[in-house]
Structures are given as structure tokens and as C-alpha cells.
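This report goes through one structure step by step, with the sequence and coordinates alongside. Please keep both in view while reading.

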There are 2 protein chains.
Amino acid sequence: MSDYYSEETHGPHEFFELGDVELESGITLPNARIAYKTHGSLNEGRDNAILFPHMWSGTPKAMEIFIGQGRPLDPSRYFIILPGQFANGFSSSPSNTPPPFDGGAFPNVTIGDDVRAQHRLVSERYRIERLELVLGWSMGAEQTYEWAVRFPDMVKRALPFAGTAKTTPHDYLFVRAHEDALKSDPAWNDGFYRDSSDVHVGLRRHAQIWSVMGLCPEFYSAEAWRGVGFTSVEDFVKRFWEAYFLPMDPNNLIWMGWKWRHGDVSRHTGGDLAAALGRITARTYVVPFAHDMFFPPGDCEAEQRLIPNSTFRIVDSLWAHFAMFCMTASDREQIDACIGDLLKEEVT
Amino acid sequence: MSDYYSEETHGPHEFFELGDVELESGITLPNARIAYKTHGSLNEGRDNAILFPHMWSGTPKAMEIFIGQGRPLDPSRYFIILPGQFANGFSSSPSNTPPPFDGGAFPNVTIGDDVRAQHRLVSERYRIERLELVLGWSMGAEQTYEWAVRFPDMVKRALPFAGTAKTTPHDYLFVRAHEDALKSDPAWNDGFYRDSSDVHVGLRRHAQIWSVMGLCPEFYSAEAWRGVGFTSVEDFVKRFWEAYFLPMDPNNLIWMGWKWRHGDVSRHTGGDLAAALGRITARTYVVPFAHDMFFPPGDCEAEQRLIPNSTFRIVDSLWAHFAMFCMTASDREQIDACIGDLLKEEVT
């Protein structure tokens, strides 16, 4: 394995040992754990906690760019937990689990499995009864919805950015195509390879598909890559997309992808999405990103209409789904404004 | 090779022998030919001809669904030429050319090469000086633009459906990803395989990417596949997309794809797209399809503004880019209306 999933690269993590966990699939994962990070301190009332799960392909580190003195996620005021998820390379994952669940034999994991693990972290380790805010981007938004539907009493405010409560069929096909790009490399070998870099052709192919679907036509027409230091489309494909994915573990991406495309809060209500979203009591902002090809604003708005105490806002950016990378000041400011405005709202 | 590229499957063709053709690439293709079909009769004045080139992956047969008594493309009134293009499997193609240009060694061909060949067919075989209408869909629209820019005096009316005069960078990446899905199959073997069905894994992978990009999120959310006889998303992916592509020749698709992504009328004017489109004298309708992920209406409208005597119209369909398949009566009626309205306009 590469040294990508190391504290040297991603900073220190804490670990919460879950013991033997029965997954939604019916498989029991022995000695399961989730890695996480925290910022700030939990107050005596245990009522200043914010939970911010990360996106597909990410680790808790990815969300740290939103934390800072004087920003909405201010660690001098809030206790901010950045929980990991299964298959992210630090928590129990294809890349770090011993046989019989190593590599391509890792069991399928779900958003529900992640949220149950995060719930134990929050409840057992920190004895927190209610979270001031749960927020997340993309698959982190899926986890936010799962939290708000599964544990409505524990979620005071919810802020899903650029994600859906139920994966749409188009998004499902999209994600499966990404996975298949990785699997198309014969070196993937059903998930049993010696080193993730052996699968570099699959990782590059996968990066190329992301270069198409991860952004939007307007981004490329405006040559928005120029503003952030790239010199041509090909340069951007290589130095942004390939450089991002090449160090990662193909199995971790595939198993997180399976989780993404099977996200669906309506399994709590026998397939009734309106009933599931109707359970949410959190004050909720639903915030898609303009031009997002995975989670078009229309799909997010259709769900927002089913959430009782919710508001719809759009972050406008040529970076489409990747506005959350905050490659421009405008993106960071719009996202911070959503977080800040929601935290300012009085919620009982 | 499969028997897909046969007259049994696609009906009778005529052939125009081009002799040795120097391609835009600088390679000379010996004994080149284009296949074509015609409907109706050329009148004595030779002024009732319509040229209707076909799309990527298609053959002249694909456009016959628009021809009929009482419809705008009425063969009792017009002489309708359905010209082929290089790499379509009937005209000179990777699948039918002898060494040294067989299979993976076929030279790159361009929209300009196609249009010069079509021009010789129209001028030399039929001695037509002016076409009543040139129309086409997708890569046929690229050819329509090339005609209108290259031979403005010969094109009285132009009707590009769901295509652009210059391929956008996003569209370029899209098409290259399709090609790479085919090439990812080790059986493709740099384009040297015994039978196209040996590359069925690549063809299926390619079909899957088309299932994502060829339509749109709204199509799948509305389950529009139900209206045309499919029973689930997977059923649609198999029986629509895989069934469409599996009989085709991977090299033919790849070489047509190269042509698609390099389409650019501005090479006639040193890269100045406004100058190129400003050359068009034809009365022109620019007609994108709503939700089209290859050729978003905004991209088409930006070009339309550069065409002197042009009108912008949108065909509204959940079938997105594939509205041209006329899977619904509404799609066929909207497209027929565009053709009919343009033909009714008095043009000097």
C-alpha cells in the first residue's frame, strides 16, 4: 500500500474502537473502528458540539479547511467532531483490514453503518445528547440526512451541501461508471493487488471520467482552471484530477462508491421518501451547488420540499460539485455564509 | 467482423468512388468511397435537393425515420440525399479498409474530410449547385455547420439539431472518455482484433457510460424508460444501450469519435469562431434539445448569436440528446415542425 493513508499525510487521528459490528449487510466486521479528529473543547453542558462527516474519497482532514478562529466553525466556541467513515483508509477499510475481509473481500458498507458508528462515538465517548449542527458535503450530506432522519432528537440543525437523501437513478449510474473505470484495469484483479499504485491505469481512467462528470460544461468553456494555476485542459486533467486520485486506494474508492450509490433514507419508512424526510425536526438548509452534475439543484429542491422546517439555498460557482474545495474566495464565502446563518438562527 | 454493416441490416446503399483522397491529416487514403442513400427524384432544375448527413455511430438508414409522404421531408417533392461519412462501416472505415490502413491503423478522419467527400458526391454525381436544406443531428449538425461555413453559396437553409460548430472542451473530454472505455478492453488490442464481438466487454463498458451521459437526470427520475417498454433501469441499460452498441465495430466508433471531438469550423478562419460563423449565408435554425448533456442549449445559443440570419429554438424532451430517436410522438412532432417551418420560409 502507498503511504497515503498515514498521519504524516493527513495529520493525527483519534480512533474509536467499535468491537465486532454487525453491518446492515448481515456480515459482522470484527474489531471495527472509526478514525476521527476533533477541534475545540466540549463544554460542561455538552451542548456545543458540531458533527461534520466528510465526503467520498476524503478523510476528516478534508473538512478542516472550514474551521478557524472568527469563522462560523470557530473552535474557540464549538466542539467540532470530524468523524471518519468506513472505507476511507483510516477507519476500517479494504486497505487496512486483515483476512477474511481484506481488499476485494471487504464487506459492503452503508451510510447507515457509518452513522450508527458515528452515533456510538458521539454518545458513548462524549455522552452528547444533542448536536448543535450536523453538516456535510456530497456523501457527507447523505450522512447528514441519515442522521437527521434516524436520530431526529439529536440533530438541532442540519446542513446538507450538494447531496441527496436518496440517490437518484442517474447518480447511481454515474457512480457505478466511476467504479467500473477502476475495475476495468486488469491489475485491479478483483480487488487483490499488492500495491495500489499497481492499479494506476485504472486510477487514471477513473480520474478522466471525473474530469468530465465532476465539473460542468460552463467550467471548461470559461477556462476556470486558469484562475487556479493550470495552463491547459490537459494540464488540469493531469495535475488536478490525476494527481488527486493517483495516491488513493482503488478498493477504498470502490467501497465508498457502493455506499454512495445505495444511499437512501427511505429504507427507514418502507420506501416512502416523504415519510422519511417528514421525520426531520432539525432546522435544515438544503444547499445544492449550481451546475452540479451529480446532485442537480432540482433534485435537491424536490427533497427540500418534503422537509418540514427547511430552507433552500444555492451556492453559485463554476466549480459545480467541487465548490466545496473552496478554490475561489467566493465559494468559501458563500459556504461560510450558509453555515454562519444557520448557526445564528435560534432553534429550540 | 459481425454482419452488422451489411445491406441486410441497413438496406441498400449506393457508393460514390472518390479515388485516392488526401485527408486533412496529410495521409492519402487509396480507393476511398462514401456510401449513401437517396429518396425521391432530382428535378430538372436540380433545385429540390436536401442533404441530411447522419450522426456518430449511425448510418444513412438512421435518418430515414424523418422521410415520408406528407411529412416535411416528402420524397414526392424533394430529392433527399442521406450521405454517409468516413468510419461509419459502409463508407471507408477501419472495419472495411485493407492494409496498411486496416483496423487500428486507419488514419484519423475529420468533419472536413466528410464534407469534402459529400461535396464531390453532390457536385460531381448530381451536378447540384445549391441545396434547399442541409440538416443533421449531433455529428450530423457538425457536418451541417461545416457545409454552411465552407460552401455558403451552396446552402440555402441550414438546420443543425443538437450539435455545435466547434466542439466544447467539456464535450471533448466526454467523447474521449467514451473512446477510452472501448480501448480499456485488452481485447481491443490497439484496434487489431479478429471479430468486433471479441471486444464485447469494452462495448458494454462504453454502453454503460452512454447510459449516464447520453440522457439526463430528469429522464431517469421520471422513469421515462417505462413509456417505451422497459421494466427497470437495469433492463433499460441492457436492452436499450447495450443492445444498441454491441453489434457495432469498436474501431468505427473510436474513429468517428475522434472526428466528433475535433470538430471546429473556426480552423477555416485561423481560430476565429465569430468570423467562421459570420460566413454563413443560409437561413439557419439552431435547435438544441433540452437537458442535452453533450450540447447544452446554452452552448448552442452562444453560437447562434454569431450566425447572421439565424433563429434559436429548443426541442423539449426528457430524451435529452436522444430526442432525435423519436421515441415519443412529441419528439417527432417538434422535430418535424422545425424542418417544416424552415422549409416553408421564403429564402432567396
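## A parallel pair within the sheet

In this predicted model, strand β3 of chain B (residues 49-51) is joined by 2 bridges to strand β5 of chain B (residues 133-137), and the two strands run parallel. Within this pairing, B:Ile50 is the residue that stands opposite B:Leu133 of β5(B).

## The sheet of chain B and the helices across it

The pair β3 and β5 belongs to an open sheet of 8 strands in chain B, in which the order is β1-β2-β4-β3-β5-β6-β7-β8 and the pairing is mixed. At the edges of this sheet stand β1 (14-22) and β8 (310-312) of chain B, and because each has a single partner strand, one side of each is left without a neighbour in the sheet. On average, and with direction ignored, neighbouring strands of the sheet are turned by 20° against each other.

Helix α11 of chain B (residues 329-344) lies across β3, β5, β6 (157-161) and β7 of chain B, and runs at about 165° to β6(B). Helix α10 of chain B (residues 297-304), for its part, lies across β7 (283-286) and β8 of chain B, its direction being at about 160° to β8(B); the edge strand β8 of chain B, which has a single partner strand in the sheet, is thus one of the strands that helix α10 of chain B lies across.

## How the two chains are related

## The interface between chain A and chain B

In the interface, 27 residues of chain A are in contact with 27 residues of chain B. The area buried between chain A and chain B is about 2400 Å², and carbon and sulfur atoms give 67% of that area.

Across the interface of chain A and chain B, 2 salt bridges are found; one of the salt bridges in the model links A:Arg176 with B:Glu234, where the closest N and O atoms are 2.9 Å apart. Between chain A and chain B there are also 6 residue pairs in polar contact, with both residues at pLDDT 80 or more. On the side of chain A that touches chain B, the elements giving two or more residues are α4 (169-183), α5 (200-213), α6 (217-221) and α7 (233-245) of chain A. The largest share of that side, 8 residues, comes from α4(A).

## Backbone details in the loops

In chain A, the peptide bond that joins A:Pro99 and A:Pro100 is cis, with omega about 10°, and A:Pro100 is placed in the loop between β4 (79-83) and α2 (111-125) of chain A. In chain B, the peptide bond from B:Pro99 to B:Pro100 is cis as well, with omega near 10°, and B:Pro100 lies in the loop between β4 (79-83) and α2 (111-125) of chain B.

A further backbone detail concerns A:Arg46, a residue other than glycine whose phi has a positive value, near 55°. A:Arg46 has its place in the loop between β2 (28-39) and β3 (49-51) of chain A.

Notes: Residues numbered from 1 in each chain as written. Chains lettered and ligands numbered in written order. Predicted model: local features only at pLDDT ≥ 70, side-chain atom pairs only at ≥ 80, totals over all residues. Heavy atoms only, no water. Pairing = 2+ DSSP bridges. Helix = DSSP H or I, 4+ residues; strand = E, 2+ residues; numbered from the N terminus. Axes fitted to C-alpha atoms, helices over the stretch in contact; angles between N-to-C directions. Contact = heavy atoms within 4.5 Å. Buried area = accessible area lost by both parts, 1.4 Å probe. Salt bridge = Lys/Arg side-chain N within 4 Å of Asp/Glu carboxyl O. Polar contact = N/O pair within 3.5 Å; in protein donor to acceptor, adjacent residues only side chain to side chain.
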